[in-house]
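Subject: Structure for your review

Dear colleague,

Please find below the structure I am handing over to you, together with its sequence. My findings follow it.

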Amino acid sequence: MRKFLTLFLISIFTTIVLVGCSNEAQTSLTDIQTAYANQDYDSAMDEIDNFKTLYAEKDPELLAEVEKISSDIEKSLFEKISSQNSAEDIETACNEYLDYFPNGQYIDSVNSRLAEAAERKAIEDINTAKEYIENKDYLEADNLLQNVINSTNVTEETIGQAKELADSIANRVATEKAKTAIIGTWGKATGVCYTFEEDGHMDVSIPGSYDKADGTTLDGYEVTKILEEIETYGRPIRGGTWEYIGEHEKGSLYSLFYDGSRHECLLTHVEGQGDMLIIVLASGMGEPSYLIKMS
């Protein structure tokens, strides 16, 4: 009798657990259906993965419905590729399919279309780059060409065309980049920071911790003057203006008018230390100041 009662209780408990699983599985299926109806494929696929992990073995009937929805999503994403016209849109649609179904049933066809779209877009980008070059917009042209060169779905012939065109404007691209390479914030050993802005203006700031002795004689003088301004005005009020001069064998040259004097700036790369900005008075007086890139 006792054995029978034990088996009976186990049977009831097992039934309750199975019913609980079934209810949870049904809820998960409903969430999948809702996400699919709203074309929220991210949520739908997440829920599908979750369902397969938790309920696939326990509820094969609902699993079949889930698999059907997954198949419908895959088919929908595949058909979406054919509905696109531009190479860029086709490429985007192919990558969307691959994100969800990297080993899907249409994978060969999608990869083929992706390669065709990438090749077509690369040729379009090369032609656009030629227009940019005619308008002397070398940086925009180079950006397009580098994208083609770095593409993994483009033929070697097309990549070769992009490289050849990029090489033909390499010097001009380097010059254009050098014109704005100084933009950003550079810091001295004393703690004083120079921020060079795109409009040709330079601002000066100083952090809470500094040491005016940690630098050249001119640097120490500068800290003293900044501290006087902070005491008088509550902040540094000095600034300057800068402009690009040209290229030097050791880097890019700029002029800086600051604190009533003209300075010469050399932006160079120092092995093991990175980019460095060296500033000297145009008169040649005093020691150079060495600044490193902060941001």
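The expected span of a helix is 1.5 Å times one less than its number of residues. The model is a predicted one, and helix H3 can be set against that rule: its 23 residues should span 33 Å, and because its end C-alpha atoms are 34 Å apart, the two values agree.

H3, which covers residues 60-82, has a set of buried residues that includes Leu 62, Leu 63, Val 66, Ile 69, Leu 77 and Phe 78. Ser 70 and Glu 74 are also among the buried residues of this helix.

The core itself holds 30 residues, and the members that touch the most others are Phe 51, Ile 73, Ile 81 and Tyr 97. Two or more residues come from each of helices H1 (2-37), H2 (41-55), H3 (60-82), H4 (87-100) and H5 (107-134). Which residues does Ile 81 contact, leaving aside its neighbours within four places in sequence? They are Ile 90, Ala 93, Cys 94, Tyr 97, Val 110 and Arg 113.

There is also a second, separate core of 21 residues, with Ala 178, Val 223, Tyr 244 and Tyr 258 among them.

Turning to the strands, eight of them close into a barrel in the order E1-E2-E3-E4-E5-E6-E7-E8, with antiparallel pairing. From one strand to the next, the twist averages 30°. Helix H8 (residues 170-180) lies across strands E4 (239-248) and E5 (251-258), and runs at about 160° to E4.

Three of the strand pairings may be of use to you in detail.

- E1 (residues 184-187) and E2 (residues 193-196) run antiparallel and are joined by four bridges; Gly 187 has Cys 193 in E2 as its bridge partner.
- E6 (residues 261-270) and E7 (residues 274-281) run antiparallel and are joined by eight bridges. His 269 has Asp 275 in E7 as its bridge partner. The hairpin of these two strands has three residues between them, and Gly 272 there takes a positive phi near 85°.
- E7 and E8 (residues 289-293) run antiparallel and are joined by four bridges, and Leu 277 stands opposite Leu 291 in E8.

Yours sincerely

How values were computed: Residues numbered from 1 in each chain as written. Predicted model: local features only at pLDDT ≥ 70, side-chain atom pairs only at ≥ 80, totals over all residues. Heavy atoms only, no water. Core = buried A, V, L, I, M, F, W, Y, C linked by side-chain atoms within 4.5 Å. Buried < 20%, exposed > 50% of the residue type's maximum accessible area, 1.4 Å probe, protein only. Contact = heavy atoms within 4.5 Å. Pairing = 2+ DSSP bridges. Axes fitted to C-alpha atoms, helices over the stretch in contact; angles between N-to-C directions.
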